[in-house]
Amino acid sequence: MRGVAMWRLATRPQVHLPGLAEFIAVVSASDMFSAHSPIYIGRAPGRLDLMGGIADYSGSLVLELPLEAAAFAAVQLVEDPTLTVHSCNADELGTAKASVSLEVRALLGGYPEVRDLLGADPEAHWAAYVAGAVTVLHHEAGISPEGGMRLLLDSRVPPGKGVSSSAAVEVASMQAICNALGLDVPPRQLAIWCQKVENLVVGAPCGVMDQMTAACGQQDELLALLCQPAELQGSVHLPANVRVWGLDSGIRHAVSGADYTSVRVGAFMGYRIITQMEGLPSRQVGAGRVEVQDDIWRGYLANVPPSIWESRYRDRVPPEMRGEDFLREYAGITDSVTRVDPGRLYAVRQPTAHPIYEHHRVRLFRALLEADPDEEALQLLGELMYQSHASYSACGLGSDGTDLIVEMVREAGPEAGLYGAKITGGGSGGTVAILGTADAEPTVREIAERYARETGREATLISGSSPGAHASKGLRLVRD
């Protein structure tokens, strides 16, 4: 296309952004861009889910650490009304199609039409996480590019590890596109739009915590987010003597997987059953979907106190229920991104109980951390993580690999500076979060080596932190 052009930052970030210099070198080596127009950059980190996990869609408090590993996107505006996306990560994505070109006009249709368009070719479906930003900006903000764009994507967040590679890609792409279009979008709003990309364009029923962390996170601090729907409650600073790590189990995780979806549906079935027990008014608003007038818990299972759940509802919510029986009696659920399959048997009681107890656990966890925990408090923090892990498994979201890592941490114990561990994110594989003292990393590495020997799976240690996409707002490259 053109000779190699060297690019430099015309605007500099206020904080250090790991990987930025390396990405600029990637941009400079690419023949994708014209040397005569600026390039705009977005960067967003992955996240380590310390506490909260799948309870986000039920309104829980979650505590998330933005990671050092991040996704980068570079965008250049062009006159040709085409969006051309190239990924440097085709191998990791398991596709031979590293470049996708789409007419911008086709991305301005309705959400179902764009979802079908971007899902038609499995080899190119990865581009939905990027191209969906154009669709969402059009529908939610009335923004439509006058021409087209070239977008280069390079993500260092490993996919399928449960550290939210998809949200990092979405948020980095959305931030880069907003930078290119001159849009000053608050980080929280950016995250909510990116959740719409995943829910409505990609078609994955994720909660909002991943995108919020990728957009709003602060380095070395836990983002405290009350998912009702997305209330930022500041950050929780990790005490100097406390550190967290992620240890990948080598078992691929997918939020769109059937296990995660069925557990989510089961939780919403349980909420619907409880609201009918209380006689709360409801009305059907579509096939399999209802609205409930809920002045008690404001629409969120997490607001049900554990004591009330145990005393009033637990024994009256069935352990499991077939979809057709549920729909016949309750008409539908309040979730806007999943549906009850009439032919499926769903676990209901445990998916309902999980967010009720998890919200309570996370609130206790935050209070203990903020009180500068001593030895006893550290052990209590660890026990809360072990309880959370056990609850995931009871929901059917465990795996042999993540269970083994958790048991290895438990065996090492406080004597080795390790206090707790739990599966993260959507479960069913992926990464285990580990809590310990700052000098316990050698033990964590020993656990990783032992796990790899016993299972034959590579165990990647994930550590480090960096700020969210807000720190890359306005980043622009010009030719040197």
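Biologist: What is the relative accessible area of Glu 278, and which class does that give?
Modeller: This is a predicted model, in which local features need pLDDT of at least 70, side-chain atom pairs count only at pLDDT 80 or more, and totals for chains, interfaces and linings use all residues. Buried means under 20% relative accessible area, exposed over 50%, and partly exposed in between (1.4 Å probe, protein chains only). For Glu 278 the area is 32%, so the class is partly exposed.

Biologist: Which residue meets the side chain of Glu 278 in a salt bridge?
Modeller: A salt bridge here is a side-chain nitrogen of Lys or Arg within 4 Å of a carboxyl oxygen of Asp or Glu. The N to O distance for Glu 278 is 4.0 Å, and the partner is Arg 312.

Biologist: How many residues apart are Glu 278 and Arg 312?
Modeller: Their salt bridge has already been given as 4.0 Å, N to O. Glu 278 is in the loop between helix H8 (258–277) and strand S10 (282–286), whereas Arg 312 is in helix H9 (residues 306–313), so the pair links distant parts of the chain. Helices (H or I, at least four residues) and strands (E, at least two) are DSSP runs, numbered from the N terminus.

Biologist: What is the N to O distance between Arg 283 and Glu 291?
Modeller: Arg 283 counts as exposed because its relative accessibility is 51%. Glu 291, at 36%, counts as partly exposed. Their side chains meet in a salt bridge with an N to O distance of 3.0 Å.

Biologist: Glu 358 and Arg 361 also form a salt bridge; are they buried or exposed?
Modeller: The side chains of this pair meet at 2.8 Å, N to O. Both residues are in helix H11 (residues 349–370), and being 3 residues apart they are separated by about one helical turn. Glu 358 has a relative accessible area of 0% and Arg 361 one of 8%, so by the cut-off of under 20% both are buried.

Biologist: Which residues do salt bridges with shared partners join into one network?
Modeller: The rule gives a count of 20 salt bridges. Glu 358, one of the residues in them, is buried at 0%. Salt bridges that share partners make one network of Arg 47, Glu 64 and Asp 210.

Biologist: Which residues gather in the patch of negative charge on the surface?
Modeller: Patches are made of residues with over 30% relative accessible area and no salt bridge, like charges being joined within 9 Å and nonpolar side chains (Val, Leu, Ile, Met, Phe, Trp, Tyr) within 5 Å. Glu 375, in helix H12 (residues 375–395), counts as partly exposed at 38%. The members of the patch are Asp 372, Asp 374, Glu 375, Glu 376 and Glu 415.

Biologist: How far is Gln 14 from Ser 472 in space?
Modeller: Gln 14 lies in the loop between strand S1 (7–9) and helix H1 (20–29). With a relative accessible area of 84%, Gln 14 is exposed. In sequence 458 residues separate Gln 14 from Ser 472, and the C-alpha to C-alpha distance is 8.8 Å.

Biologist: What is the phi of Ser 164?
Modeller: Ser 164 is placed in the loop between strand S6 (148–155) and helix H5 (165–181). Ser 164 counts as buried, at 8% relative accessibility. Although Ser 164 is not a glycine, its phi is positive, about 65°.

Biologist: Where is the peptide bond described as cis?
Modeller: The proline concerned is found in the loop between strand S7 (221–226) and strand S8 (231–237). With omega near 0°, the cis bond runs from Gln 228 to Pro 229.

Biologist: What is the radius of gyration of the chain?
Modeller: The chain has 14 helices and 17 strands. For 480 residues the globule rule gives 23 Å, and the chain comes close to that, so it is as compact as a globular protein of that length. The rule is 2.2 Å times the number of residues to the power 0.38, with the radius taken over C-alpha atoms. The radius of gyration is 22 Å.

Note on methods: Residues are numbered from 1 along each chain as its sequence is written. Side-chain values use heavy atoms; hydrogens and water are left out. Accessible areas come from the Shrake-Rupley method with a 1.4 Å probe; for residues, only the protein chains shown count as cover. Lys and Arg count as positive and Asp and Glu as negative; His and the chain ends are not counted. The place of a charge is taken as NZ of Lys, CZ of Arg, CG of Asp or CD of Glu.
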